Amino acid sequence: MPSVSASEWPVMSITEAHARLTAPGQGFEMEEPVIQGVRQRTWKNAPPTLRDIFLNGRASAAREFLVYEDDCATDEAFFRAAIALARQLQADGVREGDRVAVIMRNLPERPVAFFAGVLAGAIVTPLNGGWTGPALQQGLADSGTRVAIVDDERLERIAPRPGELPELERIYVARLPEDADPGPRTMRLETFIGPVNSWKDLPDSPLPDVAIDPDAAAAILCTSGTTGRPKDALCAHRNMTSNVMTSGIASARHFMRASQPLPESDPHKLPGRSLLLVASLFHATGLSATLGPTTNAGGKILKTELNSVFGGRE
């Protein structure tokens, strides 16, 4: 279809474009299943779970996925690291429904930690790395976290004193200086997955054998606490994966209203978009609306030490 001039834009309304894209048989078709006793409108073709998003992204194996200063990981390197850590979490006793907290700045290790927890069947709890020690300890206590995955800057803030956080059994810490003492219950993350640029050399291990239901809990995201203490919001896999479709249909509507061909949807044929990440991955914007769709489509995420509200050194 030929493109239209500015004076001809748009050739149809948002409502009409949306109706065409969500009609039966279309890629953005919707359905109304009964979920936990309530009829809800959902995307028929959305990835069912975060594990499906993970597997969809692996189809782009050789492409660069995570870039941070001098560190670079391809899709395949990232997936090997996530699987290795997921299997280690299982070896350390993490089971379906256990809470695994992730508290760090937007390092490449952060998406690895998130998906590792998901693959192990845990409920991942990304906490705000900008919180003070007491706030972080409260978040860990409220969520019942068994394992925390942190960076070196967060370790000192959450290090429990005797009698505090009895449910926190183990801490993995990334990028701890070589001369630093990790302390009790703490292990260096690199022991299990190595530094970022060596992830490509990890063995190609099978996925953990964990059954994941689309309506099972996937993550706990904390509210801002603007009017009081932050509160935990439980998110199902279906909640987290829906952003793949909502972001996709927004783009498709634009092309349709300009009478242009819809963009190629096969990740094997896409050049892969590059995205500069400035929203932190503890926040729904960074985690659900950015990491999920970018992983699913085989894109690239670049992170720098920009001092932004969410994405700098928290």
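Tutor: Happy to! A cavity is a set of grid points where a 1.4 Å probe fits but cannot get out. Keep in mind that this is a predicted model.

Student: How many cavities of 30 Å³ or more does a search of the whole structure find?

Tutor: The search finds 2 of them.

Student: What makes Leu 66 a lining residue of the largest cavity?

Tutor: A lining residue has an atom within 4 Å of a point of the space. Leu 66 is listed in the lining of the largest cavity, so Leu 66 has such an atom. Others in this lining include Val 67, Tyr 68, Pro 108 and Lys 303. Two elements, β5 (64–68) and β15 (300–303), each give two or more residues to this lining. The largest share, 3 residues, comes from β5.

Student: Which residues line the second largest cavity?

Tutor: Among them are Leu 50, Phe 114, Phe 115, Met 240, Ser 288 and Gly 292. Both α4 (109–119) and α9 (284–297) supply at least two residues of this lining, with the largest share, 4 residues, coming from α9.

Student: How does the lining of the second largest cavity divide by class?

Tutor: There are 6 nonpolar and 2 polar residues, and no charged ones.

Student: Why is a pocket not called a cavity?

Tutor: Because a pocket is an open set of points, while in a cavity the probe cannot get out. In the second largest pocket lies about 330 Å³ of space. Its lining has 20 residues, and Ile 35, Asp 215, Ala 236, Arg 238 and Asn 239 lie nearest the centre.

Student: Which element gives the largest share of the lining of the second largest pocket?

Tutor: That is α8, with 4 residues. At least two residues each come from β4 (42–43), β13 (232–236) and α8 (237–257). By class, this lining has 11 nonpolar, 6 polar and 3 charged residues.

Terms used: Residues numbered from 1 in each chain as written. Predicted model: local features only at pLDDT ≥ 70, side-chain atom pairs only at ≥ 80, totals over all residues. Heavy atoms only, no water. 1 Å grid on protein atoms, 1.4 Å probe; cavity = no way out; pocket = protein on both sides within 12 Å on 5 of 7 lines; lining within 4 Å. Points joined across faces, edges and corners; volume = space filled by probe spheres on them. Nonpolar A, V, L, I, M, F, W, Y, C, P; charged D, E, K, R; others polar.
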